[in-house]
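Open the model in your viewer and keep the sequence panel beside it. This tour tells you what to select at each stop.

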Amino acid sequence: MIKIKKFTFSSFAENTYLLWDESSKETMIIDPGCSASYEEKELENFISSNKLSVKYLINTHCHIDHIFGCSFVKEKYKVPYYAPKKDIPLIEHFDKQTEFVEIEATAKPPLPDNFITEDLKLKLGETEPVFLFTPGHTPGEYCIYFPDDKFCITGDVLFQNSIGRTDLWGGDYDALLQSIKTKLLTLPDDTIIYPGHGDESTIGDEKKYNPFLVELNLW
Ligand SMILES: [Zn+2]
């Protein structure tokens, strides 16, 4: 059984997720968006008070609001860092990204130790998540699906009642719709989605109520 804790960090209201296996406490940090020291403390305190053992640092994609806390996590927990290969230019141009959004930069994130692929096998206890290649919001984005626990981390691909923007570097509207259609709307309707911004939803509810998808008759 996988447990989830969501933090919402920075002025971007970015969702950072901690996922851990209930029995082994093995933990995955997804998209650490902590940029202020009190946010880093909040993350750190939760991890220590729940005696979690951090095993992986993972980015769904490498937009600035999702990578603010990477250097902190990497330094503090010395874990392997996984990110999409096609998003590396976003890490390399971290300074440009900070300039673009007019905010003060935190420490520049490290480059990943490993790239995410659809064949990537990582384990949290006995659970093996499935990595779904879902480009469009960025060229390299992956969603992370946990079939046994019936949920999917959807990054900035699919939100409650919305979809990811495609007007930033490397964005591709057609690719985004294709990703949603072939990789996400094919999941069971009762799959809970945990997006990179905003509240949880389900695949079934998004099929019914998401105005972007309903209008397009995507399925
Ligand atoms: Zn994004």
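Two strands count as paired if DSSP finds at least two bridges between them. Strands (E, at least two residues) and helices (H or I, at least four) are DSSP runs, numbered from the N terminus. The model is predicted: local features need pLDDT of at least 70, side-chain atom pairs count only at pLDDT 80 or more, and totals for chains, interfaces and linings use all residues. Residues are numbered from 1 along each chain as its sequence is written.

**Stop 1: the five-strand sheet**

Select residues 142-146 and 151-155. These are S8 and S9, which pair in the antiparallel sense over 3 bridges. Pick Phe-146; its bridge partner in S9 is Phe-151. Now widen the selection to the whole open sheet: 5 strands in the order S7-S8-S9-S12-S13, with mixed pairing. S7 (130-133) and S13 (201-202) are the edge strands; each has a single partner, so one side of each lacks a neighbour in the sheet.

**Stop 2: the six-strand sheet**

Move to the open sheet with the order S1-S2-S3-S4-S5-S6, where the pairing is again mixed. Its edges are S1 (2-9) and S6 (114-115), each with a single partner strand, so one side of each has no neighbour in the sheet. Inside the sheet, select S4 (53-58) and S5 (81-83). They pair in the parallel sense over 2 bridges. Ile-58 has Tyr-82 in S5 as its bridge partner.

**Stop 3: the helices on this sheet**

Select 70-77. This is H3, which packs on the sheet and touches S3 (26-30), S4 and S5. Its direction makes about 145° with that of S4. Axes here are lines fitted to C-alpha atoms, for helices over the stretch in contact, and angles run from 0 to 180 degrees between N-to-C directions. Next, select H1 (37-49). H1 lies across S1, S2 (14-21) and S4, at about 165° to S1.

Which residues of H3 are buried? Cys-70, Phe-72, Val-73 and Lys-74. Buried means 20 or more other C-beta atoms within 10 Å of a residue's own; exposed means 12 or fewer, and partly exposed lies in between, with C-beta atoms placed from the backbone. The buried H3 residues pack against S3, H1, S4, H2 (64-67) and S5.

**Stop 4: Leu-57**

Centre on Leu-57, in S4. Leu-57 is buried, with 26 other C-beta atoms within 10 Å. Beyond four places in sequence, Leu-57 contacts Ile-29, Cys-70, Val-73, Lys-74, Val-79 and Tyr-81. A contact means C-beta atoms, placed from the backbone, within 7 Å.

**Stop 5**

Select Ser-10 and Ala-13. Most residues other than glycine have a negative phi. Ser-10 has a positive one, about 65°, and Ala-13 has a positive phi of about 45°. Ser-10 is partly exposed, with 19 other C-beta atoms within 10 Å. Ala-13 is exposed, with 12.

**Stop 6: the core**

Finish with the largest nonpolar core, 51 residues; Ile-30, Cys-143, Ile-144 and Cys-152 have the most contacts inside it. S8 gives the largest share, 5 residues. A nonpolar core is a set of buried Ala, Val, Leu, Ile, Met, Phe, Trp, Tyr and Cys residues joined through C-beta atoms within 7 Å. Zoom in on Cys-143. Among the residues it touches beyond four places in sequence are Leu-132, Cys-152, Ile-153, Val-157 and Leu-184.

Note on methods:
Two residues are in contact if their C-beta atoms, placed from the backbone, lie within 7 Å.
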